[in-house]
Amino acid sequence: MFFFLITETRAKFKDQINEIVYLQEYQDQIGFLSSKVFQWGGDAAVYDKNEPYIEIVCSPNNPDGVIQKPVVKSDAKGKLIHDFAYYWPQYTPITHKADHDIMLFTFSKCTGHAGSRVGWAIVKDVEVARKMTRFIQLSSIGVARESQTRLVKIIGGLCDSYINFGSTQSELFFHYGKRRLRERWEKLRAAIEQSKVFTAAKFPRAYCNFTNESSETYPGFAWLKCVEGIEDAKSYLRKLNILVREGNRFCAGQNYVRVSLLGPDEVFNELLARLSNAKRYVA
């Protein structure tokens, strides 16, 4: 029996209250498969069984954008899966070369083409790669050819733009994305500071080997906490006509929410206006 474990974030907010958060879909999928070979094992940091395990390391973490590392201390034999969906330079400083046995990536977070439904893995063990390929064939009969063609064209365009850097006046893709996210995070922090209703996590600065500059992390989502006295953050924001994902979808309390920062400018600006004008009340 294998145990699937999740490396959870102990996110620090400005009030220094810690909260353990992770994407619950990991656990939901394990339950849906109902396998006799593996089961959900929970928090990797407290795993103490002398049995095989698979630790999922989501870095940057969803929903809070925190960089994570493996934490299992058990002497049992285990495997690591590094979920690098958000490990792209517009979201976080690229501080090191990723070189793990199993690494997962997705096109949707790299360029925003979520509708193509294309992801990929870099796997060192040939046998593991064969089993993953077989699972994809059984579960989805492979990836659509038109999606693969679109992926190749877009990645080719991205690579060409960086190879030809200096020959065009256009801003490079990842540099553009990082600049826009930085601007949005600055505006968001100003809005929530004005509202006096929410707090957001602070991110340390790090040197990015891709953009050759020191910067903070700028996640595509904001993980917000309501002030004391507001127990249901989702309902509070719904009254302001703001749709969010509630904290319990990330195994946190109802006073937490995840807010998307990736919409069109007009949507983001309206979000800022509604957050800025929020009036505190006791739910």
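1. Start with glutamate 183: this residue forms a salt bridge with arginine 179, and the closest N and O atoms are 3.1 Å apart. (A salt bridge here is a side-chain nitrogen of Lys or Arg within 4 Å of a carboxyl oxygen of Asp or Glu.) Both residues sit in helix α5 (residues 173-195), four residues apart, or about one turn of the helix. An α-helix has 3.6 residues a turn, so residues three or four places apart point the same way. The structure holds 14 salt bridges.

2. A quick word on what you're looking at: this is a predicted model, where local features need pLDDT of at least 70 and side-chain atom pairs count only at pLDDT 80 or more, while totals for chains, interfaces and linings use all residues. Residues are numbered from 1 along each chain as its sequence is written, and side-chain values use heavy atoms, with hydrogens and water left out.

3. How is the chain divided? The domain assignment gives domain 1 (3-144) and domain 2 (174-277); such bounds come from an automatic or database assignment. Taken over C-alpha atoms, the centres of domain 1 and domain 2 are 23 Å apart.

4. Now see where the domains meet. In domain 1, 29 residues are in contact (heavy atoms within 4.5 Å) with 35 residues of domain 2. About 2700 Å² is buried between domain 1 and domain 2, with carbon and sulfur atoms giving 59% of that area. Buried area is the accessible area (1.4 Å probe) that two parts lose on being put together, summed over both.

5. What about charges across this boundary? Three salt bridges are counted between domain 1 and domain 2. Elsewhere on your list, look up glutamate 25 and arginine 245, whose side chains meet in a salt bridge at 3.2 Å, N to O. On the side of domain 1 that touches domain 2, the elements giving two or more residues are β3 (18-21) and α1 (25-33), and β3 gives the most, with three residues. Helices (H or I, at least four residues) and strands (E, at least two) are DSSP runs, numbered from the N terminus.

6. Finally, have a look at α3 (residues 126-140). This helix has 15 residues and reaches 21 Å from its first C-alpha to its last, close to the 21 Å expected at 1.5 Å a residue; the expected span is 1.5 Å times one less than the number of residues. At the start of α3, a side-chain oxygen of aspartate 125 comes within 2.9 Å of the backbone nitrogen of glutamate 127. Just after α3, isoleucine 141 takes a positive phi of about 55°.

Notes. Polar contact = N/O pair within 3.5 Å; in protein donor to acceptor, adjacent residues only side chain to side chain.
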